[in-house]
Each structure stands twice: as C-alpha cells, then as structure tokens.
Amino acid sequence: MVTAAPPLPLPIAEVRRPRAAAVRHLGPNWYASVMGTAIVATAGAGLPVDVPGLRTACAVVWALSLIMLVTLLGARTLHWTYHRDQARAGLLDPGTAPFYGCVAMALLAVGGATIVVGADWIGTRAAAVLDAVLFSAGTAVGLTVAVVVPYLMVVRHRIEPNQATPVWLLPVVSPMVSAALGPLLVPHLPPGQAQESLLLACLAMFGLSLVATLLMLPLIFARLITGGPLPLAMTPVLFLVLGPLGQSTTAVNKFADSAPGVVPVPYDQGMAVLAVLYGVPVMGFALLWLGLAGALVLRARRRGMGFTMTWWAFTFPVGTCVTGAEGLARHTGLAAFDALAVGLYALLVAAWAVAAVRTARGLLSGELLAAPRR
C-alpha cells in the first residue's frame, strides 16, 4: 500500500503574509488607544478619594495597556516589514505623519503607569526597570519625531493654512510627556548628579515642548476662526489641545514634588511656586478649551458624526487634565481641585469605555482595518 507523503510546511513568509495583509492600513494613530488606556490607570491611582477596589482596577487597566502596547508594536513591525510602501506614504502624508508622536507617548504612558500602579503586581524594582526602558525608548522616539515631522512638514509636505488641525501638536507634545513622567524615575537613581540631571533634562523638555506648542496653537485657532468647524470625523481631535495644557500642568507639579533634596535651594522652592503660578492659569484655559471643544463635538454629533479612531482623542488629553488637577490639589490644598480631578476622571472613564467598546466592535467586524474609502 502506497501512502501519500505528508504535506510540506509552508514557508514562514507564506504563513505570515495573511496576517500581514490585515495590518496594511494599521496606522500610527492606533497608539492613541494605548495612551488612552494607560492614562486611566495613572490618573485613577492619584485621585484624592478612597474608593474600594479602585487601585486594583487601575492595575488591571495598566496590564491591559501593556498587552495592547506589545501587540501593537508587533503589528506595526509587520506593517513596516510587509507594507513599506504604505508606511513610507504615511510619513509623507501631512495628515498621518504627526501621529508618529503617539508612538513615543504610548511607550511613555505605559512606562509611567507601570511605576505608579504596576509596581503593586510586579514589585518596585521590576517596575522601575521596565519604566526606565520604556521612558528611554519613548523619549528618544519623541525627540526624534519632534524634529523629523516638522522637518517633513517644511520640506516635503505641501500644506495650506486651512489644513491646520490640533493633530499638528502631536509630534511636539511627546517631549512634554517625558517631562511629566521622568520625575517618577528620579527617586530610583543615585542621589546627586544623576537625579539632578534627569530632573533638569525634564525641565528642558518641558521648555522645548511648551515653546513649540505656543507656536502651533495660534495657527490652529486661526484656522477655526477663519475656516469654520473641522470636518465631522476630525472634530474629536479638538480635544488634543488639552494634552499640552494638562501635561504641562502635571509636569510642573511633578517638578515640585521631586525638587526637594535634588536641586539646590532656592530652586526647589522656585519649582513649588512655578507649580501653582503656572498650573492654575493654564488649567483655567484648559477648562475654557474643554467647553469650546465639547460644544463643537456636540454640534458635530447632531450632524451625524460617527465613530472613528479620532474618538480616542477624548481620553489621553482629558487624563492629563486629571493628573494636572491632582497635582494642583496637592500643592494648593484646595478642595475645588479635588472635585475637579474627580469630575474629569469620571468624564475620562466614560470616554474610554465608549472608545474601547466601539474599537473592539470595529476590530471584530474588520471595519477599522479596512482600506480607507475613496
């Protein structure tokens, strides 16, 4: 009796190609979902209220953000390996290239959540090591993107004034995330030069991101005033303006927390003064922008705005305002900031739940990974 030979195994490339086809249109904007998930954990752990089970829930969300980050890094590696034409086209697209700032911020956000709540599960030392790796990688990517994307906007992209959107902030905001989360690593470094160098490096990144943001914001506001509302699908990105506002407020408060014993007197006291004198006015403007952006989103929703991945803009930027309010509550002692932090966190959790459910539904249906409609 003659038996048939067993089938030869397919080459690895043939096995991976169907998987790679699914990620052809997976852009860097997907990292916003990682950022939005991680900030739920970080912001929840700092709330000035004692809610039973909240910290455990935050740890669960942190673990989810870590899984999402690893999965997305793998998927984007497949994207760059098998769809380089699409990846390069994204870099040359003025609507896509700024989202590379989300890569850095996703790494940083998960790293920060690791040291804030992940340490409960994996231990302080392991959390500090993992955060150091993610912080270093995220900062390197963020500083690179902050130069490369504006460079491409100048020499390769062809942009009209009416194309200005808050998405342009993403490349220059990522160093601000480093500035806000870097102080978490200061206590884990040797005292002296190492601690002071990291804290002042974070202060420098705060400055470069703040000035770049101040250059971009007038362009964005002028576009809204002279050009009218953004297209319906893009309206949620108005919330991105809250990112540099909330994150910079968070940063100055973290500087004040870390400065004693790290920088010489009177600079440590100066950072405490900066936390309040800078943070309170900027938080005021953040609330003004939240009202304006919220009104425009409600207008767009009434006109038929459907779900897209831009809805993740409702999460991370609001989360930075939560952490900013938490910092102001610590340094002013005002119950008003405690209430503000709790209220904004409720908004954050609601926005995250809606975005997460709709994203999961879109992934299962394949709609979110389909080629864009012409």
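**Exercise 1.** Decide whether Ala346 is buried, partly exposed or exposed.

*Solution.* Start with the scale: buried means under 20% relative accessible area, exposed over 50%, and partly exposed in between (1.4 Å probe, protein chains only). Ala346 has 49% relative accessibility, so Ala346 counts as partly exposed. Helices here are DSSP runs (H or I, at least four residues), numbered from the N terminus. Last, take a distance: the C-alpha atoms of Ala346 and Thr213 are separated by 27 Å, and the two residues are 133 residues apart along the chain.

This is a predicted model, in which local features need pLDDT of at least 70 and side-chain atom pairs count only at pLDDT 80 or more, while totals for chains, interfaces and linings use all residues. Residues are numbered from 1 along each chain as its sequence is written, and side-chain values use heavy atoms, with hydrogens and water left out.

**Exercise 2.** Check the span of helix α12 against its number of residues.

*Solution.* The expected span of a helix is 1.5 Å times one less than its number of residues. Helix α12 covers residues 335–365, which is 31 residues, so the span should be 45 Å. The end C-alpha atoms of α12 are 45 Å apart, which agrees. Just after α12, Gly366 takes a positive phi of about 85 degrees.

**Exercise 3.** Find which residues of α12 are buried and what they pack against.

*Solution.* The buried residues of α12 include Phe337, Leu340, Ala341, Leu344, Tyr345 and Leu348. Further along, Ala351, Trp352, Ala355, Thr359 and Gly362 are also buried. An α-helix has 3.6 residues a turn, so residues three or four places apart point the same way. The buried residues of α12 pack against α2 (31–45), α3 (54–82), α10 (267–302) and α11 (316–332). By contrast, Val342, which lies in α12, has 33% relative accessibility and so counts as partly exposed.

**Exercise 4.** Work out what each salt bridge of the structure joins.

*Solution.* A salt bridge is a side-chain nitrogen of Lys or Arg within 4 Å of a carboxyl oxygen of Asp or Glu. The structure holds three of them.

1. Arg24 pairs with Asp85, with the closest N and O atoms 3.0 Å apart. Arg24 lies in the loop between α1 (12–22) and α2, and Asp85 in helix α4 (residues 84–91), so the pair ties together parts 61 residues apart in sequence.
2. Arg55 pairs with Asp120, with the closest N and O atoms 2.5 Å apart. Arg55 is in helix α3 and Asp120 in helix α5 (residues 101–122), so this pair ties together parts 65 residues apart in sequence.
3. Asp257 and Arg330 meet at 2.7 Å, N to O. This pair links distant parts of the chain: Asp257 is in helix α9 (residues 242–258) and Arg330 in helix α11, 73 residues apart.

**Exercise 5.** Find the side chain of opposite charge that is nearest to Arg76, and how far away it is.

*Solution.* For charge, Lys and Arg count as positive and Asp and Glu as negative; His and the chain ends are not counted. Arg76 is found in helix α3. Arg76 is buried yet has no salt bridge. The nearest side chain of opposite charge is Asp85, 11 Å away. Now list the contacts, where contact means heavy atoms within 4.5 Å. Leaving aside neighbours within four places in sequence, Arg76 is in contact with Leu26, Gly27, Pro28, Tyr31 and Tyr100.

Technical notes. Helix = DSSP H or I, 4+ residues; strand = E, 2+ residues; numbered from the N terminus.
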